[in-house]
Amino acid sequence: MNTTTDNQALDVLRRDGDAKLAPFDAQRARSLVSQFDRYALSTKQWALVHALARLATHGASSARATHDVGDLSNVLALFVRAGANLKSPTIVMSDGTGAEYRLKVARGRARHPGTLDVTTPDGATWFGRVLLSGLFEASPRVDTPSALPSALRAFAVEPAKFAGAHARATGRCMFCNLRIGEGDDPRARAVGYGEVCARNWGQPFPSKSDARALNAALFATPSSAP
Ligand SMILES: [Zn+2]
């Protein structure tokens with residue numbers, strides 16, 4: 001359906017950017033056009049050109065569907081990194097209200113390969129996608145849960161911290177969705193994910209002594225008999 005070429009999308013921004021886009025997006029459109037005129041655009045910038053052109057073309061309905069949750073490109077970068085180690089990188093994250101979401105890369109045959117699909121953990125309900133531009137595009141058919149955009153944003157800003165909060169709330173590792181071991185190794189409990197996930201997703205992992213200190217601070221448990 002969408003056969004807009006790069007140049008058509010750019011023309012939409014030249015013609016309608018200022019009139020049809022919100023000030024923040026109009027500014028981004030002007031900067032993309034001027035960079036194209038002087039130089040060239042990266043793949044990521046072209047994706048943003050198309051996203052903004054769709055906004056300018058479809059107006060309010062589409063504008064409502066694209067939540068400005070800030071730049072989610074860090075989340076995409078995490079998945080690209082994990083893709084070097086995992087066949088199908090997937091995250092199950094919580095939004096702080098008890099609701100959980102699955103984030104998974106749309107594969108090559110999908111309509112938007114490389115974007116992240118945001119669904120219920122079982123995949124049955126699709127809430128939207130994280131575009132290559134770093135924007136979140138909401139499903140036109142399902143209301144976006146109100147806590148989802150800010151959760152995506154918090155995850156993008158500090159993935160490790162977000163994973164720790166998720167683990168403390170759910171008892172599960174956000175990256176592999178397995179229970180955090182409560183056994184002998186204090187490290188996974190301290191950060192909320194295990195050593196393998198830390199490596200796969202490029203996240204920091206503490207030494208055992210740092211982990212003990214972290215745990216003492218995080219879980220003020222009554223002292224147990226030695
Ligand atoms: Zn894990």
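**Notebook: a predicted model, read by position**

Entry 1, Leu72. I began with Leu72, which lies in the loop between strand 1 (66-67) and helix 5 (73-83). The model I am reading is a predicted one.

I recorded 10 helices and six strands in the secondary structure. The protein has 226 residues, and buried residues make up 34% of them. Of the contacts with a separation of 6 or more, I found that 48% join residues 24 or more positions apart.

I turned to helix 1 (residues 6-20) and helix 2 (residues 23-38). Two packed helices are described by the angle between their axes and the distance between the axes. Here the axes come within 10 Å and cross at roughly 140°. Helix 1 is therefore oblique to helix 2, since the label roughly antiparallel is kept for angles over 145 degrees. I noted the crossing of helix 1 past helix 2 as left-handed. Which residues meet there? From helix 1 I listed Leu10, Leu13, Arg14, Gly17 and Asp18, and from helix 2 Ala26, Ala29, Arg30, Leu32, Val33 and Phe36. By type, the residues of this contact divide into seven nonpolar, one polar and three charged.

I followed strand 3 (residues 100-105) and its pairing with strand 2 (residues 90-94), to which five bridges join it in an antiparallel arrangement. Within this pairing, Thr90 stands opposite Lys104, and Met93 has Tyr101 as its bridge partner. Strand 2 and strand 3 form a hairpin with five residues between the strands, and Gly96 in that hairpin takes a positive phi near 90°. Strand 3 is also joined to strand 4 (residues 116-119) by four bridges, again running antiparallel. In that pairing I noted Leu116 of strand 4 as the bridge partner of Val105.

I next asked which side chains of strand 3 point to the buried face. Tyr101, Leu103 and Val105 point to one face and are buried.

My last entry concerns the loop between helix 7 (159-170) and helix 8 (186-191), where Asn177 is found. Asn177 has a positive phi of about 65°, although it is not a glycine. I counted Asn177 as partly exposed, because 15 other C-beta atoms lie within 10 Å of its own, and that label falls between the cut-offs of 12 or fewer for exposed and 20 or more for buried.

Methods: Residues are numbered from 1 along each chain as its sequence is written. This is a predicted model: local features need pLDDT of at least 70, side-chain atom pairs count only at pLDDT 80 or more; totals for chains, interfaces and linings use all residues. Helices (H or I, at least four residues) and strands (E, at least two) are DSSP runs, numbered from the N terminus. Two residues are in contact if their C-beta atoms, placed from the backbone, lie within 7 Å. Axes are lines fitted to C-alpha atoms, for helices over the stretch in contact, and angles run from 0 to 180 degrees between N-to-C directions. Angles under 35 degrees count as roughly parallel, over 145 as roughly antiparallel, 65 to 115 as roughly perpendicular and the rest as oblique. A crossing is left-handed if the near helix is turned anticlockwise from the far one by less than a right angle, and right-handed if clockwise. Ala, Val, Leu, Ile, Met, Phe, Trp, Tyr, Cys and Pro count as nonpolar, Asp, Glu, Lys and Arg as charged, and the others, Gly among them, as polar. Two strands pair if DSSP finds at least two bridges between them.
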